[in-house]
Amino acid sequence: MLGTDRGLKLNDHGLSLIRQMIYDQYGIFVPDNKGYLLANRVSARMDKLGVAEVSTYHAMLKSGGAVSVEMNLLINDLTINETCFFRNPAQIAVLQDTVIPRIVETKAKIGFTRLKVWSAGCSSGEEPYTLAMVLLEKQLSLLKGWQVEIAGTDISDDALAGAATATYDQYAMRNVADYFKKKYFAPVRETEGVRYRVKDDVKALVRFSKLNLANDIKMTFMKGMDVISCCNVLIYFDSNSKKKVIQHFYNNLNRGGYLFLGHAESLTGVDDRFKLVHFPGGIAYCKE
């Protein structure tokens, strides 16, 4: 949603203060060349609230405490939740054919039969549900007798609400093969057309929760992960924020665990403790 053209610029004092608040609370950095996005989103929220001055809107955000309801609504508008099921087929193939077998082999040797996966920045749930379907396919063979847990976290209340409903339109389903569509989805006929609801056996593997990746305290509770997928999230962070988030990822991964990032994202210059592993169609980072 675009707001009234108020001519807001990042060097406007009120907008500059809002940008700093977002960075301090969420680690999200709005660069100068993306300042118009912040200006548009702030203008839209001001229109909705009937607020005329950006200084007044800033005061509203500030008066709400550390994380105000209005700040949450602004973050919902500012972050982009474009995603779909099976968004990165090459990465999924690496996970099911190489990474999971390696992790299972290592953990089985010491008698551990629990697999924990974290979709960090899960948006409206397409990625964690995709992971659940892939892992369910393994539960009659490689993962037979294993306990599988998938955590889906995001900072957007709107996105998490969509994940909870677990019902998706045709666009979100565009990469889903017929086999998976028939096995793991139930068609729902609505006035605007057919939508698809994720079946209960898939939903049972996933637990959604709100998590700010810049919250150091809450990040320490995400321990014992075997796989972390954080795709197209670090693009919102500057170098310092990235280093803090990756530090938590490293600490929360088990030895032999893997971190997946988006195609345009890299740990170069961010963290050198992971081993870069090349696979057909992509890369991953292993904690040795």
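These questions and answers go through a predicted model.

Student: Which residues touch the most other members of the largest nonpolar core?
Tutor: This core has 45 residues. The members that touch the most others are I22, V42, W118, L213, F249 and L259.

Student: Which residues does L213 contact, leaving aside its neighbours within four places in sequence?
Tutor: L213 is among the core members that touch the most others. Beyond those sequence neighbours, its contacts are W118, A120, I155, M219, C230, V233, F237 and V245.

Student: How many residues are in the second, separate core?
Tutor: Among the members of this core are L115, V134, L143 and A284. Its residue count is 42.

Student: Is helix 4 largely enclosed or largely open?
Tutor: Its buried residues are E70, M71, N72, L74, I75, N76 and L78. The cover over them includes helix 1, helix 2, helix 3, helix 7 (157-165) and strand 6 (206-210). Because seven of the ten residues of helix 4 are buried, the helix is largely enclosed.

Student: How far apart in sequence are the parts tied together by E70 and R45?
Tutor: The side chains of E70 and R45 form a salt bridge, at 2.8 Å from N to O. Both residues are buried. E70 belongs to helix 4 and R45 to helix 2, so the parts they tie together are separated in sequence by 25 residues.

Student: Are R114 and E149 buried, partly exposed or exposed?
Tutor: These two side chains meet in a salt bridge of 3.4 Å, N to O. R114 is in strand 1 and E149 in strand 2 (residues 147-154), so the bridge joins parts 35 residues apart in sequence. Buried would need under 20% relative accessible area and exposed over 50%. R114 has 39% and E149 has 24%, so R114 counts as partly exposed and E149 counts as partly exposed.

Student: What is the N to O distance in the salt bridge of K183 and E137?
Tutor: K183 lies in helix 8 (residues 178-184), and E137 in the loop between helix 6 (126-136) and strand 2. The two are 46 residues apart. K183 is partly exposed at 39%, and E137 is partly exposed at 28%. The distance from N to O is 2.9 Å.

Student: How many salt bridges does the whole structure hold?
Tutor: The bridge of E70 and R45 is one example, and that of R114 and E149 is another. A search of the whole structure gives a total of ten.

Student: Which residue of strand 5 stands opposite Y168?
Tutor: Strand 3 and strand 5 (residues 193-198) are antiparallel partners over two bridges. Opposite Y168 stands Y196.

Student: Is the pair of W118 and F249 stacked or edge-to-face?
Tutor: W118 is in strand 1 and F249 in helix 11, 131 residues apart. W118 is buried at 0% relative accessibility, and F249 is buried at 0%. The ring centres are 5.3 Å apart and the planes stand at 90°, so the pair is edge-to-face.

Student: Where is F86, the residue with a positive phi of about 50°?
Tutor: F86 has this positive phi although it is not a glycine. At 10% relative accessibility, F86 counts as buried. Its place is the loop between helix 4 and helix 5 (89-108).

Definitions and conventions:
Residues numbered from 1 in each chain as written. Predicted model: local features only at pLDDT ≥ 70, side-chain atom pairs only at ≥ 80, totals over all residues. Heavy atoms only, no water. Pairing = 2+ DSSP bridges. Helix = DSSP H or I, 4+ residues; strand = E, 2+ residues; numbered from the N terminus. Core = buried A, V, L, I, M, F, W, Y, C linked by side-chain atoms within 4.5 Å. Buried < 20%, exposed > 50% of the residue type's maximum accessible area, 1.4 Å probe, protein only. Contact = heavy atoms within 4.5 Å. Salt bridge = Lys/Arg side-chain N within 4 Å of Asp/Glu carboxyl O. Phe/Tyr/Trp six-rings, centres within 6.5 Å; stacked < 30°, edge-to-face > 60°.
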